[in-house]
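Please read them with the structure open.

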Amino acid sequence: DKYKDVNGGLCCGTQDCVEVDAVLLRREGARVLLRINGVHVWFLAGSVHVSEDPNRAYLCPRCAREKLGPSCIRCVFVLPGNT
């Protein structure tokens, strides 16, 4: 995996990704404001990447998928043009 989170850890493998509606709304220093499935989330910019698929956004969970929140997300891949 060539993508890393802000701490240098691997984001995830393709089997770990969860498709989401993720849009980058704003950058402020080392943080970005994302809208993930309709929820606004502040996230560290170093863990946000452009999706290689121009039609799909993804996230890589750190916790159980039922508990996805900011502390449970390793990386987010937003659509091209949303960075």
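**Notes on the sheet, the disulfide and the salt bridges**

1. Strands here are DSSP runs (E, at least two residues), numbered from the N terminus, and two of them count as paired if DSSP finds at least two bridges between them.

2. On the basis of the note: this is a predicted model, in which local features need pLDDT of at least 70 and side-chain atom pairs count only at pLDDT 80 or more, while totals for chains, interfaces and linings use all residues. Residues are numbered from 1 along each chain as its sequence is written, and side-chain values use heavy atoms, with hydrogens and water left out.

3. Y58 also has E19 standing opposite. The strands β1 and β6 are paired in the antiparallel sense over three bridges.

4. β6 is mostly covered, with five of its five residues buried. Buried means under 20% relative accessible area, exposed means over 50%, and partly exposed lies in between (1.4 Å probe, protein chains only). A57, L59 and P61 point one way from β6, whereas Y58 and C60 point the other way.

5. Which cysteines form the disulfide? A search of the whole structure finds one such link, where a disulfide is a pair of cysteine sulfur atoms within 2.5 Å. The partners are C11 and C75, with their sulfur atoms 1.9 Å apart. The link is left-handed, with -75° about the S-S bond. C17, by contrast, is partly exposed, at a relative accessible area of 23%.

6. The structure holds three salt bridges, each defined as a side-chain nitrogen of Lys or Arg within 4 Å of a carboxyl oxygen of Asp or Glu. One of them joins the side chains of E52 and K2 (3.0 Å, N to O). E52 lies in the loop between β5 (48-50) and β6 (57-61), and K2 in the segment before β1 (18-20), so this pair ties together parts that are 50 residues apart in sequence. Both E52 and K2 are exposed.

7. Another salt bridge is formed by the side chains of R56 and E19 (3.9 Å, N to O). This pair links distant parts of the chain, with R56 in the loop between β5 and β6 and E19 in strand β1, 37 residues apart. R56 counts as partly exposed because its relative accessibility is 40%.

8. The side chains of E28 and R26 also meet in a salt bridge (3.1 Å, N to O). Why does E28 count as partly exposed? E28 has a relative accessible area of 40%. R26 is partly exposed too, with a relative accessible area of 40%.

Note on methods:
Helix = DSSP H or I, 4+ residues; strand = E, 2+ residues; numbered from the N terminus.
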